[in-house]
Amino acid sequence: MIDIILLFRLDIDECSGSNPSNDCAETGGVCINTHGSYKCKCEKGYKGNGKQCTDINECVEHDCDQGDCQNTQGSFRCDCFSGYAMNAERVCVDVDECEIGNNTCEAIPHSYCVNLEKFLPEDEGYRCKCETGYKKLGKSCVFEGNMKEWIKFLAIIIGGFVGILFLIILCAVIFSKWRNRTPKSEKKDEVVVAPVGLAPPVDFAYLDMPQTQQTGQDEDDWKELEDEDVEDDDED
């Protein structure tokens, strides 16, 4: 009799086994076994009644700050910008490049790294400072005494170059003026020559005379010439 009562009280776990006998959602659903039955609920990152669960887009409300939020099934992640990393609260925070060794200061002799707060994603987030007694020259740290000598040397070179350039320009101007000058003796011997190939002056008054007048004048001239020839023949 006791065995029969225990048999009726024996619970069946509908949530376990290779073929669980429940209708909870396969994606995002969780089966919870109860005595003589079971219940369904949705996992974190999903919403629904447990039998139907839909993914929640956490990026709608979550701000990664210095990064881009990417929604995933039941969760999300932050793709942080360069120089930032996601912390436990899933927010992108500044990375200490000096602490993790992500800097170029170690390659510069007599320098050390100083971490800086980033205001823009393209900021490096650190700065290399020179040790005491050294000054920064470009991307190097040089001894302060040597730096003064270098400055003097550069000043001498630049001054010499400017002086040579000035002399070259001055010589070019003097040579140009000397080449373009004209001797006084050549100016006295200059002779004005009339252009070659010009036609003789034309008597425009003669051209303006009427044609009949020109013809009569020609006939009188011919008659005078004939009379002179006749007189010469008579004398002979």
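Here are a few friendly notes on this predicted model.

1. Ground rules. Residues are numbered from 1 along each chain as its sequence is written, and side-chain values use heavy atoms, with hydrogens and water left out. As this is a predicted model, local features need pLDDT of at least 70 and side-chain atom pairs count only at pLDDT 80 or more, while totals for chains, interfaces and linings use all residues.

2. Overall make-up. The chain has 6 helices and 12 strands (DSSP runs numbered from the N terminus: H or I of at least four residues for helices, E of at least two for strands). Of its 236 residues, 16% are buried (under 20% relative accessible area, with exposed over 50% and partly exposed in between; 1.4 Å probe, protein chains only).

3. Contacts. Taking contacts (heavy atoms within 4.5 Å) between residues at least 6 apart in sequence, 22% join residues at least 24 apart.

4. Two backbone angles to look at. Aspartate 65, in the loop between β4 (53–55) and β5 (67–72), has a positive phi near 70° without being a glycine; this residue is partly exposed, at 46% relative accessible area. Histidine 110, in the loop between α2 (97–100) and β9 (111–115), also is not a glycine and has a positive phi of about 65°. Its relative accessible area is 35%, so histidine 110 counts as partly exposed.
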